[in-house]
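The sequence and the structure are shown first.

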Amino acid sequence: MEGNWNLENVTPISHFTKLKELNVSMTSVNDSSLCEVLKRCHNIQLLYINGCQSILDFGHLGQYMRVRHLSISNCRIVDDDFKTMLEHLHKASNTVLTLNVAHCSKLTDEALSHIGKYLMTLEEINVSGNPNITDKGLQFIVNGCLKLSVLDLGYCSKLTDDALSAMIELRLLNKISFANNCNISFGSLTSLIKK
């Protein structure tokens, strides 16, 4: 279904209650039809809603998510809505392992504070391309998500060398991306490796 811009209503999919993965990325799917699918298909572990500009109420969607892998890159999600979604995931005792919020340009450090608070089991996160993310926001993730092994911080232009210092606490980290982050120096990278 990915890339089918004519697709707005996915409600008929809800009859496939054994679904484990759903990718409606780059479609015109709307909140209500996706909610119907999530209400009935409790086995969905991987959910991809990348680039779905018609989805506006992620907080409401969060009530029905039972996912372990969530990808919502390039979406119009704002901090308050994001917080509500994460609260619902947390209340449902979801163990979210991977999260992709790349290029969700309205997200700020406040959103990262909610990630650190509600997604403590997170192993992989992609926050690349978010211009409002700073060292302070990264600190929230580092403090709360100690199981991180993959961290993508590419194109987060407000990150500085201080971000590297914070990451020392991430003992399980085995993959990191700082692509196109001009404020992070080679010297800081070198000192991080030595520690």
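A residue is called buried under 20% relative accessible area, exposed over 50% and partly exposed in between, with a 1.4 Å probe and protein chains only. The model is a predicted one, in which local features need pLDDT of at least 70, side-chain atom pairs count only at pLDDT 80 or more, and totals for chains, interfaces and linings use all residues. Residues are numbered from 1 along each chain as its sequence is written, and side-chain values use heavy atoms, with hydrogens and water left out.

In α5, the buried residues are D135, G137, L138, I141, V142 and G144. Helices (H or I, at least four residues) and strands (E, at least two) are DSSP runs numbered from the N terminus. Contact means heavy atoms within 4.5 Å.

| Helix | Residues | Packing partners of its buried residues |
|---|---|---|
| α4 | 109–118 | α3, β4 (98–100), β5 (124–126), α5 (135–144) |
| α5 | 135–144 | α4, β5, β6, α6 (161–166) |

Helix α4 is largely enclosed by the rest of the structure, because seven of its ten residues are buried. These are D109, A111, L112, H114, I115, G116 and Y118.

Helix α3 (residues 79–91) packs against α4 at an angle of about 5°, with the axes 9 Å apart. The two are therefore roughly parallel, a term for angles under 35 degrees. Axes are lines fitted to C-alpha atoms over the stretch in contact, and angles run from 0 to 180 degrees between N-to-C directions. From α3, D79, D80, F82, K83, L86, E87 and H90 meet E110, A111, H114, I115 and Y118 of α4. The residues of this contact comprise five nonpolar, two polar and five charged. Here Ala, Val, Leu, Ile, Met, Phe, Trp, Tyr, Cys and Pro count as nonpolar, Asp, Glu, Lys and Arg as charged, and the others, Gly among them, as polar.

S157 lies in the loop between β6 and α6. S157 is partly exposed, with a relative accessible area of 44%. Leaving aside residues up to four places away in sequence, S157 touches P131, N181 and N183. S157 and G129 are 28 residues apart in sequence, yet their C-alpha atoms are 8.2 Å apart in space.

Technical notes. Parallel < 35°, antiparallel > 145°, perpendicular 65-115°, else oblique.
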